[in-house]
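Please read it alongside the sequence and the coordinates.

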Amino acid sequence: MALYVIGNLNAVLSLEHQKEIIRYIYNHQNEDGGWGLHIEGHSTMFGTALSYITLRLLGEGIEDDEEMAVSKGRKWILDHGGLVAIPSWGKFWVTVHIIWPAFIT
């Protein structure tokens with residue numbers, strides 16, 4: 001998220017690195033559509049929100065993959081109260097992602 005916010009995502013991460021990050025996140029999605037704080041953890045709002053946002057920042061669309069992982073992640077977030085249910089440190093990252101680009105453009 002930080003690389004995206006400061007505008008250096010593509011300068012620091014090659015397309016191959018970005019593809020591997022996407023693959024890693026997809027491979028660790030839980031069956032319920034969410035992600036945990038670690039690869040074997042149960043789904044949490046923090047883990048799911050950060051994984052979902054990362055996929056979106058890396059260019060993944062809601063229906064881009066065959067398994068519909070991004071769509072399932074979005075559904076998990078909405079079914080569990082939306083981003084208002086994320087812990088305060090998650091709210092910080094979401095806020096930085098939304099507000100900061102407006103200040104640097």
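## Conventions

Helices (H or I, at least four residues) and strands (E, at least two) are DSSP runs, numbered from the N terminus. The model is a predicted one, in which local features need pLDDT of at least 70 and side-chain atom pairs count only at pLDDT 80 or more, while totals for chains, interfaces and linings use all residues. Residues are numbered from 1 along each chain as its sequence is written, and side-chain values use heavy atoms, with hydrogens and water left out.

## The largest pocket

A pocket is defined on a 1 Å grid over the protein atoms alone, as an open set of points where a 1.4 Å probe fits, with protein on both sides within 12 Å along at least five of seven lines; its lining residues have an atom within 4 Å of a point. The largest pocket holds about 170 Å³ of space, where the volume is that filled by probe spheres set on the points, and points are joined across faces, edges and corners.

The lining consists of Tyr-26, Asn-27, Gln-29, Asn-30, Glu-31, Gly-33, Asp-65, Glu-66, Glu-67, Ala-69 and Lys-72, and both α3 and α5 supply at least two residues each to it. By class, two of the lining residues are nonpolar, four polar and five charged, given that Ala, Val, Leu, Ile, Met, Phe, Trp, Tyr, Cys and Pro count as nonpolar, Asp, Glu, Lys and Arg as charged, and the others, Gly among them, as polar.

Gln-29 sits in the loop between α3 and α4 and is buried, with a relative accessible area of 18%; buried means under 20% relative accessible area, exposed over 50%, and partly exposed in between (1.4 Å probe, protein chains only). A polar atom of the Gln-29 side chain lies 2.7 Å from the backbone oxygen of Gly-33. Apart from residues up to four places away in sequence, Gln-29 touches Gly-34, Trp-35, Ala-69, Lys-72 and Gly-73, contact being heavy atoms within 4.5 Å.

Asp-65 belongs to the loop between α4 and α5 and counts as buried at 12% relative accessibility. Its C-alpha atom is separated by 9.3 Å from that of Tyr-26, although the two residues are 39 residues apart along the chain. With neighbours within four places in sequence left aside, Asp-65 is in contact with Tyr-26 and Val-70.

## Ser-43 and its polar partners

Ser-43 lies in the loop between α3 (15-27) and α4 (45-57) and is buried, with a relative accessible area of 10%. Its side chain makes polar contacts with the side chains of Asn-30, at 2.9 Å, and Asp-32, at 2.6 Å. A polar contact is a pair of N or O atoms within 3.5 Å; within protein, one must be able to donate a hydrogen and the other to accept it, and residues adjacent in sequence count only if both atoms are side-chain atoms.

## The nonpolar core

A nonpolar core is a set of buried Ala, Val, Leu, Ile, Met, Phe, Trp, Tyr and Cys residues joined through side-chain atoms within 4.5 Å. The largest one has 18 residues, of which Met-45, Tyr-52, Ile-53, Leu-55, Ile-77 and Ile-86 touch the most other members. Two or more residues come from each of α3, α4 and α5 (69-79), and the largest share, seven residues, is from α4.

Beyond its neighbours within four places in sequence, Tyr-52 is in contact with Trp-35, Ile-62, Val-70, Gly-73, Arg-74 and Ile-77.
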